[in-house]
Amino acid sequence: MLESGGFESRQRMLVADPVVEASEAGARTLGVTYWQAVDRLTRGAVRASWTGDGGKLKLLGGATLLTFGRPELSFDGELVSCRHAIQGGLLALRAGGSVTLAQRPEGDQQELSVTVEGYLPRLAARVGAPPWTGMLYARGQSPVHAAVSFRYFELLLRSRDS
Amino acid sequence: MNVTVFGATGVVGRALVPLLAEHELTAVSRTARAEPGARWVVADAASGDGLAAALEGADVVYYLVHSLGARDFEEQDRAAAETVAREAANAGVRQIVYLGGLGADDPDASPHLRSRRETGERLASVGVPVTTLRAAMIVGKGSAAFETILGLVKRLPVMVTPSWVSTPTQPIALDDVARYLAGVCGNEAAYGEGYDTGGPEVMTYREMIERIAALLGRKPAIVEVPVLTPYLSSLWLNLVTPVSASVARPLVEGLRNPTIAREERIRKLLPLDLTPFDEAARRALA
């Protein structure tokens, strides 16, 4: 947790070879696979819904948990990434922060990562507040996020190997 | 070059045949035809009848057939692909070109998409180099998926849709698919390769519905519901669109899988100017 109240988290995995191509299609694949992981992990209870303006993460097709801007695709040399700015939703205290899915070289391997930066979770303890006030985030949302990241890595690798 | 096209009377086959005019063309259909531009041969990929005549002297074979709509379409498609591949090997064919489905490599692919992948694998099982192009929805007149969406847009002012409308897809114009298919004909760089062929735009099915509706001067209300099974959806589509339930169901099951290009190698091999979605839809509606 940052002094600003924002949260940062990063999950990563090292693999021998690139999983996606360094191209717009490859960057888009990172994003699409991440939202697919959310869908699969929650058995369709939480799904991303996209329009030309951006996306919404919806619970059972109703409550909007998070809203995102349009995917920002980047492929610069061997760095491939898809960034989604967080714009609001029930799980965000206010707009701000982002989720970035990336693939970059790490030595002679490739690093796959999920990075959340500057996110202000509504369920987390506020700065200076007792830790128990953030139990819902610490015991609920945060482990689910980590599980989604794990599933995302798994889906990426399975799609490459299939 | 001698080229044989299986599925020459289908939506993609009809668009492809004129682009192969520079070759000695054999067009295969299950019933007798006599149209200009090709030598027409009656053959059946499923039973094997007439295959030897269809493949005699062929250098390149296009495999554009499927059994979608049959109860056991997966088994039929596998068997037909094996039969054609074997006969092609016997005839000394140098390349088989196959149109598969984007998203078919997804480990959780629907039966329809899985069948498209398995068909490609069976075609490649006897040693003739296969060039696989993978496409999502083909935007063109007669395309089952496009006609399904069009049927919904034309008939329903209010749509209650399952959550698949939020799945991303990368539809491609019929003309562009045909040009890609023609472009790999006899192209040795493409032997044994697979390419994702997406259109220039990624969108959700919801956006696609809205854009087709706008072209038709309509503005349907779309209500997304989390529970609507592929079975119920297919029955509903059978009622309100020209597409039968037996075809709609495997298509709807496949809509759960994102169908986007995961790589762009085809654009280096064949750098075409791709048709924007609205233009492709306009042509299909004309």
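With a relative accessibility of 65%, Pro271(B) counts as exposed, where exposed means over 50% relative accessible area, buried under 20% and partly exposed anything in between (1.4 Å probe, protein chains only). This is a predicted model, so to speak for local features a pLDDT of at least 70 is needed, side-chain atom pairs count only at pLDDT 80 or more, and totals for chains, interfaces and linings use all residues. Residues are numbered from 1 along each chain as its sequence is written, chains are lettered from A and ligands numbered from 1 in the order in which they are written, and side-chain values use heavy atoms, with hydrogens and water left out.

Back to Pro271(B): this residue sits in the loop between helix H10 (265-269) and H11 of chain B. Helices (H or I, at least four residues) and strands (E, at least two) are DSSP runs, numbered from the N terminus. Tyr180(B) is 91 residues from Pro271(B) in sequence, yet their C-alpha atoms are 9.4 Å apart in space.

Chain A has 2 helices and 8 strands, and along the sequence they run β-α-β-β-β-β-β-β-β-α. Of its 162 residues, 49% count as buried. Two residues of chain A are worth a look here. Arg43(A), in the loop between H1 and S2, has a phi near 55°, a positive value in a residue other than glycine. Arg43(A) is also exposed, at 78% relative accessible area. Thr64(A) belongs to strand S4 (residues 63-68) and is partly exposed, at 22% relative accessibility. Between Thr64(A) and Ser49(A) there are 15 residues of sequence separation and 9.8 Å from C-alpha to C-alpha.

Next come the open spaces. On a 1 Å grid over the protein atoms alone, a pocket is an open set of points with protein on both sides within 12 Å along at least five of seven lines, while a cavity is a set where a 1.4 Å probe fits but cannot get out; lining residues have an atom within 4 Å of a point. Points are joined across faces, edges and corners, and a volume is the space filled by probe spheres set on them.

The second largest pocket comes out at about 620 Å³. It is lined by 28 residues, and those closest to its centre are Val32(A), Trp50(A), Pro71(A), Pro168(B) and Val202(B). Two or more lining residues come from each of helix H1 (24-41), strand S2 (46-51) and strand S6 (79-88) of chain A, and from strand S12 (203-204) and helix H7 (205-215) of chain B. H1(A) gives the most, with 7 residues. By type, the lining of this pocket splits into 11 nonpolar, 8 polar and 9 charged residues, with Ala, Val, Leu, Ile, Met, Phe, Trp, Tyr, Cys and Pro taken as nonpolar, Asp, Glu, Lys and Arg as charged, and the others, Gly among them, as polar.

As for cavities, the structure holds 3 of 30 Å³ or more. The second largest cavity has a volume of about 50 Å³, and its lining includes Val139(B), Ile172(B), Glu201(B), Met203(B) and Phe277(B). Strand S10 (172-173) and helix H11 (277-285) of chain B each give two or more residues to that lining, which divides into 9 nonpolar, 2 polar and 1 charged.
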